Amino acid sequence: MTTTAPPSTGSATAAPAPARHTSDRVRAERRLGWMLAGPAFAVMLLVTAYPIFQAIYDSLFSYRLTDPGNRSFVGLGNYWVVLTDALWWQSFGVTAFITVVTVAVELVLGFALALVMLKALKGLRPILRAAILLPYAIITVVSAFAWQFAFDLTSGFVNSWFAWLPGISAETDWFGQTGTSLLVICLAEIWKTTPFISLLLLAGLAQVPDVLQEAAQVDGATWWQRMRKVTIPNMKAAIMVALLFRTLDAFRVFDSVFIMTAGANGTETVSFLAYRQTIARLEIGLGSAVSVLLFLSVVLIAFGFIKGFKVDLAQARGEK
Amino acid sequence: MSTRERTWWIVAGIGIILYALFPIAWIVSLSFKSASDISNGQFLPTVFTWENYSLILTGDASELFLPALLNSFGICLIATALSCLLAMFAAYAIARLDFPGKKIILSTALAVAIFPVISIVTPLFNLWRQIGLYDTWPGLIIPYLSLTLPISIWTMSAFFREIPWEMEQAAQVDGATTWQAFRKVIVPLAAPGVFTTAIIAFFLAWNDFVYGISLTSTSAARPVPAALGLFSGASQFEDPTGGIAAAAVVVTIPVIILVLFFQRRIVAGLTNGAVKG
């Protein structure tokens, strides 16, 4: 049994309705749509739009929670303080470094994992899928601890396992300096989030038409040529979406830094700086300014991606 | 496929499994190390011991760990339930009804998903202190909705779009009432999507750290990740490594169970939501 009536709630009127009746129904449908979707929409605005406006407002005041009596309007003064401080630029640099390194490695590694999962034997596939989901689902704090303890001077096994490598000995203190600390932070982040990229790319790979692949193969294209001319162009949208999500996510890095170094040795990220100003030092005004600047950075990255790389989210969602 | 190719794919597959499991195996191994073994520089313990688990479950550290575990479960389940309920109505409307503003709702969800949590926490920290929500369950449940709601709306509307809604009308033509048609036809078709969304939303809430450490101060509401992050040993002179490892294993167990049972659905939900929307 089939019905050609347009999907709607309520009674199933199959006959073509008179114009007035239709417009009534359209209006009723619109109202019902907003009645159902409105609450979720309102909650989303309430939990994000409201706090960011409050943060913008707070950032215009010199305001310490330990000294609330002396709250005074300073205009953009807090932004001036933050942007002329070397600490802000250092944490910005560290955040940008972690973002670029992790996203670049994750993209290559994630693509390799996706290819293996695509081609893996049928019997092996569910096991691989379960394995790759685990790092995604493990909480970041646990992952950070696992990596920290592995490299730690007292509890770690890395120093004794890799003592044969030049520069590594039983006394190598990975968290004693900026470079090595950042290396371990990046490793932990890469381990934790590559699976996410990999799953998105796998979905993208599955959307590449087999016909094209076969045609290219018949024409004598090598594996590498097929990859460059057929596979990658056809999954450009999926790659862009994965890149966008991961870049924005990486730029907010906080948990791993908090656990592994607590911002010591110049490993402070922008998120950590905002946290330290507000929650630890109770400098609401300054902390809000850092929060707003972080928010603006994220918006700029998203905007840059959508404009610069022409990420079409509608197309990525399969709507041609 | 030739034998050589087959061997290659098997080796690559084992590589993936090792990559994914190695850090987990390490934290499990660490959790079974005794105090004297922690610094043995080896991957495995020389003597297998449960002492770290008894420390966090019945010993000195249990006052820190058990309330945090209860907080995490309670807060995450309530936040998941709330966001699923709200997202279910929204996704139904998006998949089923024609109304202006659908795009706005989906774009807002995307914008909220990329929002830096720390930018929300700063003003909330101040506000929650003023209105008495600081260090309470609702004080975490509300901000957790900013984590769980966007992905719930995206994944659920992706699932709901694939439901053949005409079947409901077909059932009505066959004599079922509206409510019967909805309950007997649509609910069973929608349930897997709702359930999958709930699991993904739960993962996100369970993973939270920033809200947890910023908006709580005691065991009244502090969730496990935050308690772990601030755990400094039962006494000043004790190294908390073993206890943290054991606690890390305990909070990972629910996640592993969910992944093992529902991996196919979770993958479908994640990729549908992000790639198909």
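Q: Leaving aside neighbours within four places in sequence, which residues is A:T48 in contact with?
A: Contacts tell you who sits beside whom, even when the partners come from another part of the sequence. This model is predicted, so keep that in mind throughout. Here A:T48 is in contact with B:V112, B:F115, B:I120 and B:S146 once neighbours within four places are left aside.

Q: Where is A:T48, and is it buried or exposed?
A: Start with the element, then check the accessible area. A:T48 belongs to helix 1 of chain A, residues 19-58. Its relative accessible area is 4%, and the cut-off for buried is under 20%, so A:T48 counts as buried.

Q: How far is the backbone oxygen of A:M44 from a polar atom of the side chain of A:T48?
A: For polar contacts, look at the pair of atoms rather than at whole residues. In this case the distance is 2.5 Å, between the backbone oxygen of A:M44 and a polar atom in the A:T48 side chain.

Q: What about B:K102: which residues does it contact, and where is it found?
A: B:K102 is in helix 4 of chain B, which covers residues 102-113. Beyond its neighbours within four places in sequence, B:K102 is in contact with B:A93, B:I94 and B:L97. With B:I94 there is a polar detail too: the backbone oxygen of B:I94 lies 3.1 Å from a polar atom of the B:K102 side chain. As for cover, B:K102 has a relative accessible area of 23%, so it is partly exposed.

Q: What does A:T140 touch?
A: Residues up to four places away don't count here. A:T140 touches A:E189, A:K192, A:D255, A:S256 and B:N207. A:T140 sits in helix 5 of chain A, residues 140-151, and is buried with a relative accessible area of 10%.

Q: Is A:E106 buried or exposed, and which residues does it touch?
A: Don't guess from the residue type; read the value. A:E106 is buried, with a relative accessible area of 0%. It is part of helix 3 of chain A, residues 86-119. Not counting residues up to four places away in sequence, A:E106 touches A:F111, A:E189, A:I190, A:T193, A:T194, A:I197 and A:R246.

Q: What is phi of A:N265, and where is this residue found?
A: For A:N265 it is near 55°, a positive value in a residue other than glycine. A:N265 is in the loop between helix 11 (255-260) and helix 12 (270-280) of chain A, and at 32% relative accessibility it counts as partly exposed. A:L282 gives another case, with phi near 60°, also positive in a residue other than glycine. A:L282 lies in the loop between helix 12 and helix 13 (284-308) of chain A.

Q: Which residues of chain B does the "transmembrane region" annotation cover?
A: The unreviewed UniProt entry gives residues 7-28, 64-92, 104-128, 140-160, 185-206 and 242-262 of chain B. In the model, residues 64-92 of chain B are 100% helix, with end C-alpha atoms 42 Å apart. Residues 140-160 of chain B are also 100% helix, and their end C-alpha atoms are 29 Å apart.

Q: How many helices and strands does chain A have, and why is it called more spread out than a compact globule?
A: Chain A has 14 helices and two strands. Its radius of gyration is 26 Å, well over the 20 Å that the globule rule gives for 320 residues, so chain A is more spread out than a compact globule. Its C-alpha atoms fill a box of roughly 80 × 65 × 35 Å along the principal axes.

Technical notes
Residues numbered from 1 in each chain as written. Chains lettered and ligands numbered in written order. Predicted model: local features only at pLDDT ≥ 70, side-chain atom pairs only at ≥ 80, totals over all residues. Heavy atoms only, no water. UniProt positions renumbered as here; feature names shortened; annotations may be inferred. Helix = DSSP H or I, 4+ residues; strand = E, 2+ residues; numbered from the N terminus. Rg over C-alpha atoms; globule rule 2.2 N^0.38 Å. Buried < 20%, exposed > 50% of the residue type's maximum accessible area, 1.4 Å probe, protein only. Contact = heavy atoms within 4.5 Å. Polar contact = N/O pair within 3.5 Å; in protein donor to acceptor, adjacent residues only side chain to side chain.
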